[in-house]
Amino acid sequence: KEELKAGGKGINVSRQLNYLGVENLAFTFLGSNNGKDLRSTLTKEGINFTAIASKSETRWGTVIHNENDNSIKSYFSPNQELTEKEVTDFIAKLEKVIPNHSIIVLSGSSPCKEADRIFPAAIEIANNEDKIVVLDTYGDHLEECLKAAPTVVHNNVDEVENSLNINLKEDESKIDFLNNLYDKGVKLSFLTEGGKPFYSSKFDFNYKIFPKQVIVKDATGSGDAFTAGIVY
């Protein structure tokens, strides 16, 4: 059977917040026929949203669940291309939206080079408005995002290593990374590693956390649920 669902990391966070009873507003780009389908699906799922229209097609993803062996495979279309004007319009709308909300969640990757300035700009706007910013992203723009000093950072080890080209194999290197985030102005950090024990920090205090052991069928979306839990 086939089901059509709204997706994307930020949308997933909104869905989880809905489960937790936390009022929220998703903000994204919507383009072409996929954008129309996503708009319709968001409405059907009861996810409150606003959007900037884009000329390029919204990205799609297919998650295939094989019930015979309970395996899950995911396939995605190429990233969405955005124009400089679309990005500028998005940031301009952020300037109007952010003052009306208490917590700003920046979740997901940047789809293209033009969009790399969105998250750092959002952090700057939110900081100027004295809002809490929760950052859960990766890719080329991560370094600029961290320099902008979000309030809270959540990443897994692989994302940080690949995005910043650093080695976090040893416990000491993970603690050094968290201390470096605090020096940048980050107040709360989570550096997760699947089901393994992981490190977190609150201000200049570091913690080693041992997550409850569960039977993992598939980890897809677990990081988004974790981010929603931070917000909650």
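Leaving aside neighbours within four places in sequence, Phe177 is in contact (heavy atoms within 4.5 Å) with Leu146, Val160, Leu164, Ile166, Leu168 and Leu191. The model is predicted: local features need pLDDT of at least 70, side-chain atom pairs count only at pLDDT 80 or more, and totals for chains, interfaces and linings use all residues. Residues are numbered from 1 along each chain as its sequence is written, and side-chain values use heavy atoms, with hydrogens and water left out.

Buried means under 20% relative accessible area, exposed over 50%, and partly exposed in between, with a 1.4 Å probe and protein chains only. Helices (H or I, at least four residues) and strands (E, at least two) are DSSP runs, numbered from the N terminus.

Next come the aromatic rings. The whole structure holds four aromatic pairs. Rings of Phe, Tyr and Trp (its six-membered ring) pair if their centres lie within 6.5 Å; planes under 30 degrees apart count as stacked, over 60 as edge-to-face and the rest as tilted. Phe190 and Phe226 are edge-to-face, 5.5 Å centre to centre, with 75 degrees between the planes. Phe190 lies in strand S8 (residues 188-192) and Phe226 in helix H8 (residues 222-231), so their pair ties together parts 36 residues apart in sequence. Phe190 is buried, at 15% relative accessible area. Phe226 is partly exposed, at 28%. Phe226 also pairs edge-to-face with Phe198, at 6.0 Å centre to centre and 75 degrees between the planes. Here strand S9 (residues 198-202) supplies Phe198, and the two residues are 28 apart. Phe198 is buried, with a relative accessible area of 8%. Elsewhere, ring pairs link Phe27, Phe29 and Phe90 into a cluster.

Ser32, in helix H2 (residues 32-44), has phi near 60 degrees, a positive value in a residue other than glycine. Ser32 is partly exposed, at 36% relative accessible area. Asp130, in the loop between H4 and S6, also has a positive phi, near 60 degrees. Asp130 counts as exposed, at 71% relative accessibility.
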